[in-house]
Amino acid sequence: MATAGKVIKCRAAVAWEPSKPLVMEEIEVAPPQAHEIRIKIVATGVCHTDLYHLFEGKHKDGFPCVLGHEGAGIVESVGSEVTKFNPGDKVIPLFISQCGECRFCKSPKTNLCEKGWASDRYDVMSESDTRFTCKGKKVLQFMGTSTFSEYTVVNEIAVAKIHPSAPLDKVCLLGCGVATGYGAALNTAKVEPGSTCAVFGLGAVGLAAVMGCKNAGAKRIIAIDINPTKYEKAKVFGATEFVNPKDHNKPISQVLSEMTNGGVDFSLECVGSVAVMRSALESCVKGWGVSVLVGWTDMDDFAARPIQLIAGRTWKGSLFGGFKSKDGVPKLVNEYLEKKVKLDEFVTHNMTLAQVNDAIQLMKTGDCIRSVLSVALQ
């Protein structure tokens, strides 16, 4: 491409400081260095983790930055040493890397990787090194991806090449939310056929967890949310029952215990609330119940009574649904193309990058499942 090796000036939504609206700016995106790929972002979802960094985490050293980590695009150019990607490839940038060489990548027990932004900067949620500048200032790349920009530069260990026929405005959701919830049910909880499951929180991650429970063969899938308008959507993904905690004057764990003869086999917390995490654990049946923490937060300690675990329950965490990123995402894209995984049904709003603050507001109020922003023309 004519832009290869040159600085690209493009539009991006910049978060200059915490708790403030994003600002559409012209930024400069430097060419990719060794082992890096510059990607034209075509579409991106708006995920709660973007809001978490902006409104909850608010780490002063994490700004200014370009948010967004649930995108899909086309390779514009590659840096030296890159051999497996070419300009024109359709790709999904990944907030979890897979170098293939570290002890975590070599272990089948985890999808973590020792390289990439996440190795030691979880609180700031970005590496100190960046290819972005704006108005002469360094702008950080959120979670190593920054998909709220027409162009971004990502390390090749954090990019997945996907099927050339994949619609980028749908498969972008596999960059975070859908893969996270779906994999939490299949890979982390290991939901079993005929089992009873409870999913707490019916945003995109929770609905994807419902879909995972259904595809794993669960018999009962109880969807839990304080917003009753979410139930019809949950049914589309396989929920069999709906419980609104506000309809009951006793703890939700007690309600579920009475519904299920002592508790569910599997519960998935998809909110990011430590209080809900405890409720999800306490909703599990003693002896073998498994509860999985899926919602992202690092703000509070969580607590439980030791007897909950001594009695045989298991409490687990799940990051990116347990998928090894570069291996798992292309397979999920293929499963979508084969109609084994739903994606279209998650998208409630299609907007432009310039409307990003409207999309953020929709997510804050719970009036959307996923807003997908068109970023650059394909």
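Over the ring of which residue does the charged end of K161 sit, and at what distance from the ring centre?

Modeller: The charged end of K161 sits over the ring of F85, 5.8 Å from the centre of that ring. A charge is counted as over a ring if NZ of Lys or CZ of Arg is within 6 Å of the ring centre and within 35 degrees of the ring normal. Another such placement is that of K364, which lies over the face of F55 at 4.1 Å from the ring centre.

Some ground rules apply to everything below. The model is predicted, so local features need pLDDT of at least 70 and side-chain atom pairs count only at pLDDT 80 or more, while totals for chains, interfaces and linings use all residues. Residues are numbered from 1 along each chain as its sequence is written, and side-chain values use heavy atoms, with hydrogens and water left out.

Rings also pair with rings. Rings of Phe, Tyr and Trp (its six-membered ring) pair if their centres lie within 6.5 Å; planes under 30 degrees apart count as stacked, over 60 as edge-to-face and the rest as tilted. The model has 4 aromatic pairs by this rule. In one of them, the ring centres of F95 and F320 are 5.3 Å apart and the planes stand at 80 degrees, so the pair is edge-to-face. F95 belongs to the loop between β6 (90-93) and β7 (132-134), and F320 to the loop between β16 (314-317) and α9 (325-337), so the pair ties together parts 225 residues apart in sequence. The element names come from DSSP runs, numbered from the N terminus: helices are H or I of at least four residues, strands are E of at least two.

Buried means under 20% relative accessible area, exposed over 50%, and partly exposed in between (1.4 Å probe, protein chains only).

T145 lies in the loop between β8 (137-141) and β9 (151-155) and has 0% relative accessibility, so it counts as buried. Leaving aside neighbours within four places in sequence, T145 is in contact (heavy atoms within 4.5 Å) with G68, H69, P93, L94, F95, T152 and V154. M143 is found in the loop between β8 and β9 too. Its phi is near 55 degrees, a positive value in a residue other than glycine, and M143 is buried at 1% relative accessibility. N261, in the loop between α6 (252-259) and β14, likewise has a positive phi, of about 60 degrees, without being a glycine; N261, however, is exposed, at 75%. Most residues other than glycine have a negative phi, and most peptide bonds are trans. The bond from F63 to P64 is cis, with omega near -10 degrees.

Strand β6 leads on to the pairing of strands. Two strands pair if DSSP finds at least two bridges between them. β5 (residues 71-78) and β6 are joined by 2 bridges and run antiparallel, with I74 opposite K90. β5 also pairs with β3 (residues 36-45) in the antiparallel sense, over 7 bridges. Of the 8 residues of β5, 7 are buried.
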